[in-house]
Amino acid sequence: MVLPASLAGPLGFALLGILPAALGCTNPVCRGLEILVFLLLVFWIGWHRSQVIKLQHWFAAPDNVLPPEASGQWEELFSIGYRWRKGEEQQRHRLRQTLEQLQQAMDALPDALLLLDARGEMLWGNRSTATLLGLQWPMDRGQSLDHLVRHPRFRAFIEQGEAGTLQIPSPVAPQKTLEVSRFPLPQGDSLMAFRDVSRLLQLEQMRRDFVANVSHELRSPITVLSGFIETLQETPGCNDGEAASYLDLMAQQTTRMQSLVANLLILARLESEALPRHHEPVLLSGLIRQTLGALQEQSQSKALRIELELDDSLYICAELVDLTSIVRNLIENAISYTPAGERIRISWTRNPEGALFIVEDSGSGIAPEHLPRLTERFYRVDEGRARGSGGTGLGLSIVKHAAARYDARLQIESQPGLGSTFRVHFPKAHLCRGEVPD
Ligand code: ADP
């Protein structure tokens, strides 16, 4: 075994010092040798101690200071330390650069990004937090966000602590609307993104107003047209032959335009009108029977079997026009898209969450890829067949919007060739007082 050089020196000195005493040598030469060895040992230890202090000072010095002069093993040790410190410094430099680039990229974003800790205190924010939220860095670091953005809905949103979005007025310019999105992070921290959506909302409002105005403006001319078509249909000379068939076609198309305009106006009302605080209780089973009566001609002409399961004690507090839209559109669709002789089942019953309105048919069904898009305006599975059925492509969109006003959810299940089931889940909160299930 080779003795390490660092141990060989002191061991050699020790042996030289101890050996004469061990051999019983007590003459002055031996004593002198012992003293010399002792002095050499003190010098050796002192020298190494001074190297350790040098190393200590050098480590405490800034990174760019060169290592001190050294010899032997210490020189090697210093050069290893130098390489290690240089590598560390380069790594730190790269990290700093990456962080700076990240900060610059975050600052270039028009959206405000804010990092919060588990207690809702602000840890970091990009430059847009100053313009959108009026924050000042680093002064606002450690402040609680809900002290700066004082909005009851926002406070509840922060406390709830889950992912989600919310629209609030901007704390620096109340005429602007901000959309807040929260992204939970590990250890209870969260990232909040604030986006100015004022322009988007303004455009959305313009679109709604435009559709509502155009629909309003079209209503009168279409009514006039339909009136004259009816008159012409009864006028001698126009009510037979080719003219009569043209007039029939014109009457059909005007009726279609009328229902299109009527549906567009219903949608415009659903999107813009606030819900009144109080509603009259509506007996949905009565409304369902009334609707079936109005559609009797269509259902009988197809010899459809209609099965009912209706709870006649179950009232719902909602606007009659909204409930009519839901019931009529779903039943009308079931009749239109179910072949002659088939079955339709309608039920209105209580369930643990509230109440459930179901329209189930054994009709053509809908392929799965269409299901997510069915409630989009003017979306149709089969353009030709849907037009032939007299539909406008707005029915299910109306149902969805009308249901959403009462926090109700439209659920669609369908299998091609087997039929479709449309369920509207109404929460307990909208069932009338005294009619809420136990
Ligand atoms: P439309 O006025 O065309 O019926 P809807 O919005 O009510 O418009 O329905 C959208 C599309 O969904 C319809 O065009 C039709 O293709 C499909 N659909 C709706 N209800 C049913 C149903 N009960 N069975 C099969 N397909 C249906």
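A cavity is here a set of grid points where a 1.4 Å probe fits but cannot get out. In this predicted model, a search of the whole structure for such spaces of 30 Å³ or more finds one, and the largest cavity has a volume of about 30 Å³. Its lining is made up of R207, R208, V211, L264, L267, A268, E271 and R377. Two elements, α7 (198-234) and α8 (241-272), each give two or more residues to that lining, with α8 giving the most, namely four residues. By residue class, the lining divides into four nonpolar, no polar and four charged residues.

The aromatic side chains form eight pairs, and two of these are set out below.

| Pair | Centre to centre | Angle between planes | Class |
|---|---|---|---|
| W74 and F78 | 6.2 Å | 40 degrees | tilted |
| F154 and F194 | 6.3 Å | 50 degrees | tilted |

W74 and F78 are four residues apart in helix α3 (residues 72-108), so about one helical turn separates them; W74 counts as buried at 12% relative accessibility, and F78 counts as buried at 2%. F154 lies in helix α6 (residues 152-160) and F194 in strand β5 (residues 190-196), so that pair ties together parts that are 40 residues apart in sequence, and both F154 and F194 are buried.

W74 and F78 also belong to one aromatic cluster, together with W58, F59, Y82 and W84. Over the ring of W58 sits the charged end of R85, 5.0 Å from the ring centre, while the charged end of R182 sits over the ring of F157, 5.0 Å from its centre.

For residues 98-136, an unreviewed UniProt entry lists "domain: PAS"; the end C-alpha atoms of this span lie 24 Å apart, and the span is 44% helix and 23% strand.

Note on methods
Residues numbered from 1 in each chain as written. Predicted model: local features only at pLDDT ≥ 70, side-chain atom pairs only at ≥ 80, totals over all residues. Heavy atoms only, no water. 1 Å grid on protein atoms, 1.4 Å probe; cavity = no way out; pocket = protein on both sides within 12 Å on 5 of 7 lines; lining within 4 Å. Points joined across faces, edges and corners; volume = space filled by probe spheres on them. Nonpolar A, V, L, I, M, F, W, Y, C, P; charged D, E, K, R; others polar. UniProt positions renumbered as here; feature names shortened; annotations may be inferred. Phe/Tyr/Trp six-rings, centres within 6.5 Å; stacked < 30°, edge-to-face > 60°. Buried < 20%, exposed > 50% of the residue type's maximum accessible area, 1.4 Å probe, protein only. Lys NZ or Arg CZ within 6 Å of the ring centre and 35° of its normal.
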